[in-house]
Amino acid sequence: MGRGEELSDFMRGRIVGCHQCKVSVREISAILNLPRSTVSAVILKWKRKGITTALPRSGRPHKLKEEHRQVLERVALEKCLPSVEALTTEFQTASGATVSSRTIRRELHEMGFRGRVSTYSKTKGGKAVETKRAALSPGDAKVDVSRLDLRVGCIITAQQLPDTDDLYMEQVDVGEALPRRVVSKLAKHIPVDQMQNRMVVLLCNLKPVKIRGVLSQAMVMCASSPDKVEILDAPIGAVPGDRVTFQGFPGEPDKELNPKKKVWEQIQPDLRTDSQCVAAYKGAAFEVPGKGVCKAQTMSNSEIK
């Protein structure tokens with residue numbers, strides 16, 4: 001949908017239909033290629049008024065563009081600011097737009113915010129209502145393994161990082177134009193000759209981080225215990241770039257995991273090998289569709305990280 005275009009009644013109906021089938025806002029947004037704020041607004045209108053059609057607009061047009069309204073909504077929800085003036089300053093810093101606090105107040109009211117800026121939990125009459133944050137679909141905050149971009153990779157080369165005794169630096173093919181550089185703390189557990197030309201499972205959407213001056217762009221997934229580590233093996237026939245999926249956990253991964261949201265830290269405790277050494281998340285196997293499951297060599301009932 002181009003910027004500024006109005007959603008068709010058919011598209012609004014699709015959004016509500018997906019919602020009634022228990023599809024989350026994040027998944028609907030990915031399926032229909034629409035902003036999450038747009039999906040949430042259609043669902044909210046349907047819940048409140050029982051309609052999906054766009055009503056004729058009245059009054060003045062919005063002074064803020066849609067992307068700026070999304071920034072305003074985020075700032076209003078995430079910042080407990082004491083006044084509209086303070087929120088206006090924060091919004092201008094985040095968006096680069098220049099608007100008056102009067103415009104911000106009007107836009108907030110049209111978006112459904114009422115009461116003090118620091119709470120947005122009461123109407124003018126004092127009657128308690130749901131906060132704007134609570135009105136959003138639970139799917140917006142859902143954290144499960146579908147948020148991870150797990151792919152099959154092939155280690156092209158591996159060598160010990162200079163001046164270290166436990167770090168390897170690898171070049172890994174994950175089906176992209178160029179291999180990714182990865183730093184792994186595996187040198188004390190796996191001989192360097194067993195790292196060469198090896199198929200692995202790679203977590204590709206962690207934020208890149210510098211380790212000993214080298215930018216590491218992914219993480220090799222391993223079964224792990226205090227005294228032993230085994231790299232997870234991809235199934236026979238898998239090729240670099242193959243996605244690892246999980247039955248019962250559909251959805252597209254985040255482009256990049258936000259370290260502040262601790263998504264990886266919330267998911268990792270539920271990643272384990274089962275009694276047959278198959279890697280799994282809450283009982284759902286690491287699976288390359290049509291090719292098989294990912295496994296450790298000998299480590300059963302072990303955590304994965």
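**Close-up views of a helix and a ring cluster**

View 1. Among the residues tucked away in α4 are H68, R69, V71, L72, E73, V75, A76 and L77, which count as buried. Keep in mind that this is a predicted model. Helix α4 covers residues 66-78, and at 1.5 Å a residue its 13 residues should span 18 Å. The end C-alpha atoms of α4 are 18 Å apart, so the helix agrees with that expectation. A handy rule for looking at any helix: an α-helix has 3.6 residues a turn, so residues three or four places apart point the same way.

**View 2. F246 and Y281 form an aromatic pair.** The structure holds three aromatic pairs. In the pair shown here, the ring centres of F246 and Y281 are 6.5 Å apart and the planes meet at 80°, so the pair is edge-to-face. This pair links distant parts of the chain: F246 sits in the loop between β9 (228-231) and α8 (263-267), while Y281 belongs to strand β11 (residues 279-281), 35 residues apart. F246 is buried at 7% relative accessible area, and Y281 is buried too, at 1%.

**View 3. F249 also pairs with Y281.** Here the arrangement is edge-to-face, with 5.0 Å from centre to centre and 75° between the planes of F249 and Y281. F249 lies in the loop between β9 and α8 and Y281 in strand β11, so this pair ties together parts 32 residues apart in sequence. Is F249 buried or partly exposed? At 22% relative accessibility, F249 counts as partly exposed, because buried means under 20%.

**View 4. Ring pairs build a cluster.** Look for F246, F249, Y281 and F286, which ring pairs link into a cluster.

Conventions: Residues are numbered from 1 along each chain as its sequence is written. This is a predicted model: local features need pLDDT of at least 70, side-chain atom pairs count only at pLDDT 80 or more; totals for chains, interfaces and linings use all residues. Side-chain values use heavy atoms; hydrogens and water are left out. Helices (H or I, at least four residues) and strands (E, at least two) are DSSP runs, numbered from the N terminus. The expected span of a helix is 1.5 Å times one less than its number of residues. Buried means under 20% relative accessible area, exposed over 50%, partly exposed in between (1.4 Å probe, protein chains only). Rings of Phe, Tyr and Trp (its six-membered ring) pair if their centres lie within 6.5 Å; planes under 30 degrees apart count as stacked, over 60 as edge-to-face and the rest as tilted.
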